[in-house]
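Look at the sequence and the model first, then read the points below.

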Amino acid sequence: MAVQFGSWLLSAVQGDFGTSLYTDRSVAESLMQAAPATISISIVAILLAAVLGVTAGTLAGLRRDSWIDRGVSLLATLGIAMPSFWVGLLLVSIFSFQVNWLPATGYVPITEGLGEWLRHIILPAVALALAMTAEIARQTRGGVVDVLSRPYVLAARARGANGGWLVRKHVLRNSAIPVVTVFGLQSASLLGGVVIIEAVFGVSGLGTLAITAVVRQDYPVVQAYVVLVAVIVITINLIVDVSYGWINPKVRS
Amino acid sequence: MTTSHSMPVPLPASRRRPGLRVLRQIVRRPAGAISLCLLVGLVFVAVFAPLIAPYDPYDQSLRDQFQGPSSEHWLGTDDFGRDVLSRLIYATRIVVIAPVVAVGLAVLVGLPSGLFAGYLRGRVDAVLSRIADALLSIPAIVAAIAIVAVLGPGIGTTMIAIGLVFAPRLFRIVRGATLSVVEEGYIDAAQSIGASTNRVVWVHCLPNVLAPLLVQITLMMGFALLAEAGLSFLGLGVQLPQASWGSMLKAAADQQFRAPYAVIPSGVCLTLTILAFNTLGDVVRDVTGDRKTS
């Protein structure tokens, strides 16, 4: 068994995950074919979550106990509790069946036009981004509230710093580290959530490939999929760790 | 979100029933009382499902497909003409059992390993922690899917998979809490009078990790329910004709172009229950004054 694992590992690092037990196709080839859809949805979702989450969290933190703060808190609580696949189904209900603006299913490669690609991707990406947006908003709000109570912010204010400069230079940078940590953790769990979202929107990506493989007991495909996801997660963790030093020079030593 | 950061609760004179004390403090907060009521209500519905449900949840009637809400069928009927309300009610049995079994398994694996890793440290800790690190590099759903791939689809294997996926997460929490307890004087005292490792771990360390453990268990129940619904949605969990809220969502999704509103009842139930677990978790954290796990 050890020898078997050794030889599998050796070919795996060379990009050879064997052939599917079911379709006789090379596993690496199947993964490559399914990857673009999954990667597109995930990246758009992560970008959406980062931008919306940080914006909402900062606004809520700066205007503590205002209606913005309460609204963001309420939305965040709901966003975390609502299953992403249900949100996806509701979005399809509204935007595909009620007003017929956006397609309910499928994926169009980016090579066939940016507009079509975005039209197919936006609903799954929004559904997927919701939970991550909520977590990032919560963490950002907490960080901003915490930093605003620090003496150096008072000192900066005393020197006449206000508005955008204060927020950018002092507040955001100092509240960024826990936010980046949550960003990393959430990006990883988003890679799990995308499996279910693909099923909702009938996108034949990596998740669909993996689920089909599970049902068919097609082990080489499941194995390669899990390894691929693990490698992506470890890469994200590495990027997060490196970014700590970039955000806060004190961490470097 | 509960933003009020209460001070750690001062211990009252009677320390005989700490469980009862925590419960009383949970109920005293509106958010805690409401979410606890909802969850207890669910258990009640699950136990008495046959008495409450107006119809047999498996009774098919193809003539009555996709009816809207009416006085006969309060939430309408599904793709096989089955009463949606009755199916929702019977599905609460899965909702109650699945998270308990999954989280129970996670506690069974994560609690002892976490306690011993935190108390013994050294080589035991290094080995267990590396295993946990490796398992945690795979997202929960993906890891659960991989385990279901080995064990085969079904609600039983799904619960085992979710439990195994949560075990390393629980291990980390328990280990961290134990590490901070080991420094306390009373542990030294227990060791110096010759208490065995087993006794120190279970009698002296365990009570001190209960607070973060309780918080984590409550939050994990919500995640376990979400994971069960997700896997059932994918067709890996509950198998037909049995119903879970996740599999009902899947059935509704497949017929969405014919009955766009069918996705609402089971989705609302899921969201409310997960919300109740999350809120209860926050309240327990506030009440026990435990902020390490936040």
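Chain B has 11 helices and 0 strands. The model is predicted. Along the sequence, chain B reads α-α-α-α-α-α-α-α-α-α-α.

**Chain B as a whole**

- Of the 294 residues in chain B, 44% are buried.
- Taking the contacts in chain B between residues at least 6 apart in sequence, 69% join residues at least 24 apart.

**The contact between chains B and A**

- Chain B gives 30 residues to the contact, and chain A gives 34 residues.
- On the side of chain B that touches chain A, the elements giving two or more residues are α6 (140–151), α9 (197–233), α10 (245–254) and α11 (264–288) of chain B.
- The largest share of this side of chain B comes from α6(B), with 7 residues.
- Sorted by class, the side of chain B that touches chain A holds 24 nonpolar and 6 polar residues, and no charged residues.

**How α10(B) packs with α11(B)**

- Two packed helices are described by the angle between their axes and by the distance between the axes.
- For α10(B) and α11(B), the angle is about 150 degrees and the axes are 8 Å apart.
- Because angles over 145 degrees count as roughly antiparallel, α10(B) is roughly antiparallel to α11(B).
- The crossing in which α10(B) passes α11(B) is left-handed.
- From α10(B), the residues W245(B), M248(B), L249(B) and A252(B) meet S266(B), G267(B), C269(B) and L270(B) of α11(B).
- By class, the contact of α10(B) with α11(B) has 6 nonpolar residues, 2 polar residues and no charged residues.

Conventions
Residues are numbered from 1 along each chain as its sequence is written. Chains are lettered from A and ligands numbered from 1 in the order in which they are written. This is a predicted model: local features need pLDDT of at least 70, side-chain atom pairs count only at pLDDT 80 or more; totals for chains, interfaces and linings use all residues. Helices (H or I, at least four residues) and strands (E, at least two) are DSSP runs, numbered from the N terminus. A residue is buried if 20 or more other C-beta atoms lie within 10 Å of its own, exposed if 12 or fewer, and partly exposed in between; C-beta atoms are placed from the backbone. Two residues are in contact if their C-beta atoms, placed from the backbone, lie within 7 Å. Ala, Val, Leu, Ile, Met, Phe, Trp, Tyr, Cys and Pro count as nonpolar, Asp, Glu, Lys and Arg as charged, and the others, Gly among them, as polar. Axes are lines fitted to C-alpha atoms, for helices over the stretch in contact, and angles run from 0 to 180 degrees between N-to-C directions. Angles under 35 degrees count as roughly parallel, over 145 as roughly antiparallel, 65 to 115 as roughly perpendicular and the rest as oblique. A crossing is left-handed if the near helix is turned anticlockwise from the far one by less than a right angle, and right-handed if clockwise.
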